[in-house]
Every structure is written in C-alpha cells, then in structure tokens.
Amino acid sequence: MLSFDPDKVSLPAGHYINGVHQHGAGNSLLVKRPSDGKPAAELAEADASLVDEAVTLADRAVKESGWASCPPRQRGAVLRRWADLIAADSELPRLEALGSTRPIHDVIQHEIPFTAEAIRFYAECADKFSGDVLPTRAASLGMLVPEPYGVIGAITPWNFPLSMASWKCGPALAAGNAVVLKPSELTPFSTVRMAELATEAGLPAGVLNIVQGSGAVTGSALVAHPLVRKVSFTGSTQTGARIMSDAAFNGMKPVTLELGGKSPQLVFDDAGDIDEVAGRILRGFTANGGQACVAGTRLIVQRGIAPQLIETLTRLCQNFRPGVTWDETSRYAPLIDARQAAKVQQVIRAACQQGGEILVGGERFAGTGEGYFWQPTLLAGVSQDNPAVQEEIFGPVLTVQIFDDEEEGLALASHPTYGLCSGVHTKSIDHALRAMRGIAAGTVWINRYGRSGDFIVPTGGFQGSGIGKDLGRQAFEACQRYKSVLIDF
Ligand code: NAD
C-alpha cells in the first residue's frame, strides 16, 4: 500500500547544518503542496549570516574530520552505507511525493533507486580515478595530482529534488569535499531527510549541510561566500548566467551549470514501428508533466510518417488522468505551481497568435482545484521562430514541425539558444550518424529517449544549456582541482 495521507506526514521544514536541525530567522516563505496547492509548511529562509555559519562549519568539518584526507575507500564505504539507507528509508518517498510533482509510484520505482544508485556509482569513483603521470624528460617526474576544492556550493531546481541532490553530492563528497546544498525553495523537504541519513551512515557532521531559502537571498549568499571554492548549479539558463557572473566577481570560482533545454525529437520515415516510436516521443515530453530539462518538446517529423505518428500521439495524449501525488494509482505529475501554469498558458497563447494550432490538450484538467495538472498538448502549424519552438515551456507541450529531406530536418533540429539533448529515430545508420554529428546538443539518443541507469554516461548541455557535466567520471573529476608537480632527480 503506497498511498498515504499527506496531512499525517511530518515535514522537516528547516536547515540542516553541522548535523543539527536549525530553523533560521530570515524571511518566512510559504511552501505549498504541488498536487493541491494547500500550504505544507512555513520556511524561515537562511540569510547571509546563516549561510556564513553553514559554510564556515563545512570548511572546518572537511579539514578537521579527516574526510578529505582519509583513504578514498573509506569515503566510498560511507557513501555506500548512505545509498543503502536512502533505498530502505520509509520517510523519504513520502517527503518527495508530498513536496514535489513526483507521484509516489514513480518515486518508489524510479526516484529512490536512481538516487541511491547515483551515490553508489560515486562511492566507486572515490578510489578508481586518479591524476596522471606525464611524459616529461627522463630526469624528471611530472604528475598531475588531484585534490578536493574544500567546500562546494550546490544549488538545485524543483523538478527532481532527490536525484538532482545525488548528482551534486555524490561526486563532490566522493572526491573529499564538503557540500552546502540549497534545494529549491519550492521543494525543500526531502533533501533534509537525505542529509540526516548521510549522518547516520557515518558522514562526519558538517560535511553535508542543507540551507533553505530563495535564490535571491540564500542562493546568492552561497555563491558569493569566499570559502565556497566551486559552485555546481542546476536550473534555468537565466539563473545560470547570473550565477556564472556572481561566481566570477566573487573569487573567480569555477562553475558547473546544468541548464534549460528545448530538445528535438527527429523522426525519419524509416523510424520503424509507429506505436513504439510514439511511446518514446510521448514519454519524452510528458514525463514529470514536461518539467524535465531533457524533455523532448520539439517533434520534427518527416512528411511520409507524419500523419500516422501525429494521429497516434493525439490518441495517446487523451489517456492521461490527473491524480494527487500521494495516491498510488497516480502516474501523471502536476505543474509545480500556479506561476508555472500561467507560463505554459502564456506561451501556448502566443504560439497560437503566430499560427499555431492546438491538435489536442491546450488547457488544464478541470476539477483539480489548486493542483495545476496540464493536459498533454500538441501544437502544429508552428514555424521555427514561433515562441513555442523557441522558448523552454517546462510543461507537457510538444510542437510539431514537418520536414522533407535530411538537411531540412537537421536544420530544424538545432536550436539557436539551447543544446541539451536530442532524440533521433531511424533505422538508417547513415541518418543516425549524420544526425549525431549534425545536431548541436550535449546528448544524442538514437532510437530511445531519456537517460538510462548507466551513470557512467554524463549529461550536460551545449550553448545556453550549460557548461560541464553531471554524472559520469566527468562530474567526479570536476569536483577536484589538479596540481601540476615536477620533480627533478
Ligand atoms: P531556477 O533557475 O529558477 O532555480 C534553480 C535554483 O536556483 C533554485 O534553487 C533557486 O532558488 C536558485 N536560484 C535562483 N536565483 C538564484 C541566484 N541569483 N543565485 C543563486 N541561486 C539562485 O530553476 P527552476 O525553475 O527551479 O528549475 C527549472 C529549470 O531547471 C529549467 O530551466 C530546467 O531545464 C532546469 N534543469 C536543468 C537540468 C539539467 O540537468 N540541465 C536538470 C533539471 C532542471
């Protein structure tokens, strides 16, 4: 029985600093439940002085606890225990389902196992990847020696609170850093429980801290803090640009930026079974109610297959039903809040004013009160400069564009601003490989859409979609700085 009563869940609505819960004394923020808009908790946000306390204690903890200097396998063992506790915890799934857009079924099936596995993956990295011995003159030994940064400031968005936190904390902690993490102010609960479990697993107090609050107050204080030596951020392109600039002017600290996307799904006439392809496209733009950075929201389909594919997608879109995230039968996510719903509506309206035609959906599901469940929406008749093609909507809206030949398809697939992901659906190796080379995106999925459980495959954007990678060996290496050493003998 996975369903639960949201009013009976006690919410950790505070900060977790140096292994202790704190409540802060800053501005009060009201956190609402995305499924029904009811108030969940009041959050006293961390002001600059509380952020200073968290970072200073993190800096002290990483130096004095031995976390940075202990044998890497020892760090790996703590992280493995942490992953086991996350996988087995009974509170965490409810906190995630109640406080975010993720239905409890998805949280149990995907979110929790993925979060735990990401941490296990980085537990393994702790003693697997090293620096380098460099080919120098015979009378010298040249080495590249990695070392942790110290304190890494991590900032995450609201769409997948737990897995986003694991992608930031896993590599940073495995590499011997301390982390001060600021989750989104819209989804503050589950990461606090995650940090408690880290302490239970043996992570020294102060090595992982959670500070809550808005981006403008808590987030910017974290980025600017002089003891934060690196910033790892996931969120919108606009905020990413701001953070990059703040990091540059506050100590020239490196940044990893995982930002927005507007990813194409390029379907050739020879894509194969229509139902299978339609299923991939559908999941690609409706998962988490379309609130995924990787969402494949631009269907670019070759003329021959277009009528059948569009007809199948239109039919499938009508099968979705809204349902609160604490009901085990719910499969479809609400939009995070009223503001997000207004944004989706505004872009659809603007798209229609410029020639767009709604084939299915286009509005909220009726009768869901203050829960903003948006109907899966297909928008045809859109040119490349239509706002629905250009802007990241962050809702379940798929634009449909038709092409005749490969060159035209590839031209439509590349986006002037974003370059996060892309899907290519074809049985032709030539189409597939030319598309792989031709589309400017950090990830190309061929005959699939979406990440797998292969954490070794990194994720990261080109252009306005970001700088650097999460996941993979690359994220671990990016949590270290490299010292060049030259020894003459
Ligand atoms: P957002 O940019 O509004 O906020 C993200 C985080 O940044 C939040 O914690 C917020 O409080 C904080 N923040 C805001 N302003 C800040 C500032 N000036 N200084 C420091 N921190 C600040 O994004 P969102 O609406 O929470 O999330 C949706 C966005 O995230 C979408 O654009 C989506 O594509 C992107 N995203 C990207 C990836 C990826 O891997 N590329 C993954 C998930 C989400």
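Val133, Leu141, Ile487 and Phe489 form a nonpolar surface patch of about 400 Å². Patch residues have over 30% relative accessible area and no salt bridge, with nonpolar side chains joined within 5 Å. A salt bridge is a Lys or Arg side-chain nitrogen within 4 Å of a carboxyl oxygen of Asp or Glu. Areas come from the Shrake-Rupley method with a 1.4 Å probe.

This is a predicted model: local features need pLDDT of at least 70 and side-chain atom pairs 80 or more, while totals for chains, interfaces and linings use all residues. Residues are numbered from 1 along each chain, and side-chain values use heavy atoms, without hydrogens or water.

Phe489 sits in the segment after strand S20 (480-488); a strand is a DSSP run of at least two residues, a helix one of at least four. Phe489 is exposed, at 68% relative accessible area; exposed means over 50%, buried under 20%.

Now the ligand. Ligand oxygen atoms lie 2.8 Å from a polar backbone atom of Thr156, 3.0 Å from a polar side-chain atom of Trp158 and 2.8 Å from a side-chain N or O atom of Lys182. The protein covers 90% of the 860 Å² of accessible area that the ligand has on its own.

Last, helix H13, residues 406-413. Which of its residues are buried? They are Glu406, Gly409, Leu410, Leu412 and Ala413.

Technical notes:
Patches are made of residues with over 30% relative accessible area and no salt bridge: like charges are joined within 9 Å, nonpolar side chains (Val, Leu, Ile, Met, Phe, Trp, Tyr) within 5 Å. Buried means under 20% relative accessible area, exposed over 50%, partly exposed in between (1.4 Å probe, protein chains only). A polar contact is a pair of N or O atoms within 3.5 Å; within protein, one must be able to donate a hydrogen and the other to accept it, and residues adjacent in sequence count only if both atoms are side-chain atoms.
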